[in-house]
Amino acid sequence: MEITNVTEYDAIAKQKLPKMVYDYYASGAEDQWTLQQNRNAFSRILFRPRILIDVTKIDMTTTVLGFKISMPIMIAPTAMQKMAHPEGEYATARAASAAGTIMTLSSWATSSVEEVASTGPGIRFFQLYVYKDRNVVAQLVRRAERAGFKAIALTVDTPRLGRREADIKNRFTLPPFLTLKNFEGLDLGKMDKADDSGLASYVAGQIDRSLSWKDVKWLQTITKLPILVKGVLTAEDARLSVQAGAAGIIVSNHGARQLDYVPATIMALEEVVKAAQGRVPVFVDGGIRRGTDVFKALALGASGIFIGRPVVFSLAAEGEAGVRKVLQMLREEFELTMALSGCRSLKEITRDHILTDWDIPRPQPVARL
């Protein structure tokens, strides 16, 4: 079957992967309402294309934290990629580098920061979970820095793991031939079988529930790397992120895997952008499957987007070639959307190019005498 869009990789991954692994990647928390909304909310945004503009040349390049990339489409951190394909994070790193964009490596990767760095040049960010043992955190951050990683994406929405019922049913655990490579040798790389989700038990034992704004400051004392706060959904927390010295914000609901019934990220985006007031860049992840989605996110003020599940599904289907194809398809769709909307560069994409159903004035009830 010829793959013509990103979503088609989902069905292939479902066929190829063991049920426990596919369900881990695909599922959301509890009723999975937010999981559906992350995708469906994009259909509530329509285009207002401008015509008769010379779109012979389209420039999609941008800079993120001072690093030039080929397009505003980047790779989000997704854990344990060797469950999807033997090459795992190596394949993803090479595909991102070939596409001229940024890969974010998960703390819970099945390849270490050093191993990913060994795949060759590329701009890479490191996603950080804060463990109870702060020495482990400091050591990990220093290793990422030494390995040439350019920023820390601090995940702030996971003091406890969301209730992912598929993982409970499947008694999810990391396959025995894999470990969380960044924690090997620290007795923290193993995930034991549990009565429910092995990952939930691991998080309960290791992750620091006391994480607070003062820890964003603490992180700045142990690294010179810029810190992105990942998991912001409100204006209040956007303002606090800026006050705490964050270099950027990632609007994220953790792929709808944490608290169910939070808004779709694309709906929370504009509130966060307005609160940030241009002081730091705002990025978004969650539900992005088309170049049209990328355009909509930028029109609502995002400086760039991150994709997660399309990476692991394409990785499962076709390894590195699959991830390359996902990035290429999104790039081509995004370029076409820009052309058909009359935008030749990212700065020409404005709020005026879209109409959301929450912009439309609601009819007021008529008072009856």
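## Strand β7 and its neighbours

Two strands pair if DSSP finds at least two bridges between them. In this predicted model, strand β6 (residues 124-128) pairs with β7 in the parallel sense, over 4 bridges. Ala151 of β7 is the bridge partner of Phe125.

Strand β7 (residues 151-155) is largely enclosed by the rest of the structure, because 5 of its 5 residues are buried. In a regular strand the side chains alternate between the two faces of the sheet. Both faces of β7 are covered: Ala151, Ala153 and Thr155 are buried on one side, and Ile152 and Leu154 are buried on the other.

Helix α2 (residues 19-26) is mostly covered, with 7 of its 8 residues buried. The buried residues are Met20, Val21, Tyr22, Asp23, Tyr24, Tyr25 and Ala26. Tyr24 and Tyr25 form one aromatic cluster with Phe172.

Tyr25 is also one of the residues that lie nearest the centre of the largest pocket, along with Gly255, Arg257, Gly308 and Arg309. In total, 39 residues line this pocket. The elements giving two or more residues to the lining are α2, α3 (33-40), β11 (304-307) and α13 (309-341). The space in the largest pocket is about 730 Å³. By class, its lining has 18 nonpolar, 13 polar and 8 charged residues.

## Aromatic pairs

The count of aromatic pairs comes to 9. One of them, Phe47 with Phe295, is edge-to-face, at 5.5 Å centre to centre and 75° between the planes. Phe47 lies in strand β1 (residues 45-47) and Phe295 in helix α12 (residues 291-299), so this pair ties together parts that are 248 residues apart in sequence. Phe47 is partly exposed, with a relative accessible area of 30%, whereas Phe295 counts as buried at 0% relative accessibility.

Trp108 and Tyr129 form a stacked pair, with 4.0 Å centre to centre and 25° between the planes. Trp108 is in the loop between β5 (103-105) and α5 (113-117), and Tyr129 is in the loop between β6 and α6, so the pair ties together parts that are 21 residues apart in sequence. Both Trp108 and Tyr129 are buried.

Terms used
Residues are numbered from 1 along each chain as its sequence is written. This is a predicted model: local features need pLDDT of at least 70, side-chain atom pairs count only at pLDDT 80 or more; totals for chains, interfaces and linings use all residues. Side-chain values use heavy atoms; hydrogens and water are left out. Buried means under 20% relative accessible area, exposed over 50%, partly exposed in between (1.4 Å probe, protein chains only). On a 1 Å grid over the protein atoms alone, a cavity is a set of points where a 1.4 Å probe fits but cannot get out, and a pocket is an open set with protein on both sides within 12 Å along at least five of seven lines; lining residues have an atom within 4 Å of a point. Grid points are joined across faces, edges and corners, and a volume is the space filled by probe spheres set on the points. Ala, Val, Leu, Ile, Met, Phe, Trp, Tyr, Cys and Pro count as nonpolar, Asp, Glu, Lys and Arg as charged, and the others, Gly among them, as polar. Rings of Phe, Tyr and Trp (its six-membered ring) pair if their centres lie within 6.5 Å; planes under 30 degrees apart count as stacked, over 60 as edge-to-face and the rest as tilted.
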